[in-house]
Amino acid sequence: MNTSLAGQTTSRSEERKRKYREIDLKGREQLRVERLAKKDPESLKRAIVEQRVRERLEGSPVACDLLISLFATALFSYRRGTVCEPFPHEFSDRQGEKDYASAEVYTQALPSIEHFQKHQGAITNLPASALKLLSWIIDLPYYEELDLEQISLDQYREETMNIDSKQSKYSDPAYVFKVTYTEQHPTFPIFEKAKAEFGSTMGFHGSPFENFHSILRNGLDATFGKETSLFGDGIYLSSDRDVAFSFLKNAKNFAKNSALGDRLGCLVCAEVACKPQVVRLSPQEANIRNLSDNADPELPRGYIVVGENEYVCIKYILLYKNFGTFTEQGKKTSICKYLAVIYVFVLLALWMARSPEVRHYYARNFGEASY
């Protein structure tokens with residue numbers, strides 16, 4: 001009888017273990033949230049944040065790494081008052097004063113994505129401010145009404161076959177990310193209405209890497225850099241990826257534990273709702289798209305200029321890393337170095353030709369100088 005009872009006990013224990021194994025991590029976290037809800041409302045808030053952060057890190061680890069890198073690089077930029085917008089509310093007071101120093105400390109202390117993946121307790125062990133910062137950075141659907149996911153280069157090529165089909169002379173991006181907007185996003189209804197009425201086209205935009213934290217969250221800005229606009233105010237894009245690439249500026253990645261690379265650069269591939277008077281196209285581009293009302297004869301081939309932010313919708317982010325390994329980029333760098341050396345020698349030769357000391361030395365050693 002004792003043997004039978006022991007067997008039943010063992011059987012029930014094994015059954016419980018089997019059922020527990022069938023519950024995945026998400027299910028266990030949900031049970032944890034429910035337990036905490038009965039005890040402590042403040043703990044519930046943290047548990048919900050932890051769960052959302054864990055889901056984001058598991059579902060889109062590379063995208064999360066990019067978001068942290070974008071924020072960190074903007075935060076450490078000398079232009080952070082402009083490019084590090086929006087800024088996490090956790091580090092701002094009621095008067096809007098930003099505590100950049102604290103944000104820097106917590107950002108640099110964030111563990112790597114790999115660390116979070118290997119150690120299930122890493123999120124739970126984060127200080128409250130660090131957890132809120134991490135949540136604000138990576139939880140785009142909650143804070144910004146948009147989402148970012150990594151896709152393969154093959155998927156990108158398939159989806160953009162008609163707009164990025166030619167063989168680029170530059171290297172393909174190391175990573176491609178797809179951007180999607182929810183219907184609650186502020187610009188979504190305006191863009192979709194204009195797109196349905198006037199049609200759309202696609203274009204590429206290059207910019208310094210430190211700008212992309214703001215670009216992703218706020219969208220491309222028609223007033224940004226208008227002092228240097230050659231063809232009027234607006235957001236400048238090109239149907240040619242190589243043209244946009246020439247405006248790309250790589251930068252040091254200030255995310256201390258990022259796995260993406262030491263120097264990064266970005267391009268965006270965006271869709272433009274072609275509302276006349278707001279969107280101007282080069283004549284060639286307008287002819288290809290059958291959008292004669294948008295043609296501007298002053299624009300160079302492939303150029304697209306958009307006068308209002310709401311008519312541009314980012315679709316993809318192309319990420320380039322470790323620029324020193326790019327063949328074309330290396331060639332460009334080498335040429336610039338050679339030109340710089342030649343320029344220095346020309347200046348030196350001009351100085352020697354005009355210097356009284358050099359003239360005197362030449363006359364004394366080689367006879368009268370005939371200048």
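Where does Asn 290 lie? I find Asn 290 in the loop between α14 (283-288) and β8 (303-306); helices (H or I, at least four residues) and strands (E, at least two) are DSSP runs, numbered from the N terminus.

**Ground rules.** I am working on a predicted model, where local features need pLDDT of at least 70 and side-chain atom pairs count only at pLDDT 80 or more, while totals for chains, interfaces and linings use all residues. Residues are numbered from 1 along each chain as its sequence is written, and side-chain values use heavy atoms, with hydrogens and water left out.

**Confidence.** I checked pLDDT, the predictor's confidence in each residue, from 0 to 100. The protein averages 82, and 72% of the residues score at least 70.

Asn 290 counts as exposed at 69% relative accessibility; I use buried for under 20% relative accessible area, exposed for over 50%, and partly exposed in between (1.4 Å probe, protein chains only). Glu 145 also has a positive phi without being glycine, near 60 degrees. Glu 145 sits in the loop between α9 (140-143) and β1 (146-151) and is partly exposed, at 27%. I also looked up a cis peptide bond, which joins Glu 85 and Pro 86 with omega at about 5 degrees. Pro 86 has its place in the loop between α5 and α6.

**Aromatics.** How many aromatic pairs does a search of the whole structure find? I get 10, counting rings of Phe, Tyr and Trp (its six-membered ring) whose centres lie within 6.5 Å; planes under 30 degrees apart are stacked, over 60 edge-to-face, and the rest tilted. The rings of Phe 87 and Tyr 100 have centres 5.1 Å apart and planes at 70 degrees, so I log that pair as edge-to-face. Phe 87 is in the loop between α5 (80-83) and α6 (100-109) and Tyr 100 in helix α6, so the pair ties together parts 13 residues apart in sequence.

Phe 91 lies in the loop between α5 and α6 and Tyr 106 in helix α6, so parts 15 residues apart in sequence are tied together here. Phe 91 is buried at 6%, whereas Tyr 106 is partly exposed at 28%. Elsewhere, Phe 231, Tyr 236 and Tyr 303 form one aromatic cluster.

**Charges over rings.** My test is NZ of Lys or CZ of Arg within 6 Å of the ring centre and within 35 degrees of the ring normal. Arg 80 lies over the face of Tyr 100, at 4.2 Å from the ring centre. The charged end of Arg 217 sits over the ring of Trp 136, 4.4 Å from its centre.

**Helix α6.** Tyr 100, Ala 103 and Thr 107 are buried in α6. Down the helix axis, the buried residues fall within an arc of 60 degrees (taken from the directions from the axis to the C-beta atoms), so they line one face. The face turned away from that buried side carries the exposed Val 105 and Ala 109. The cover over the buried residues includes α4, α5 and α8.

**Ile 137.** I place Ile 137 in helix α8 (residues 128-138), buried at 0% relative accessible area. Leaving out residues up to four places away in sequence, Ile 137 touches Leu 67, Ile 68, Phe 71, Leu 110 and Arg 217.

**Strand β6.** Why do I call β6 (residues 263-273) largely enclosed by the rest of the structure? Because 10 of its 11 residues are buried. Strands pair if DSSP finds at least two bridges between them. β3 (residues 200-207) runs antiparallel to β6, joined by 8 bridges, with Ser 207 partnered by Cys 266. β9 (residues 312-321) pairs with β6 in the antiparallel sense over 9 bridges, and there Leu 267 has Leu 318 as its bridge partner.

Notes
Contact means heavy atoms within 4.5 Å.
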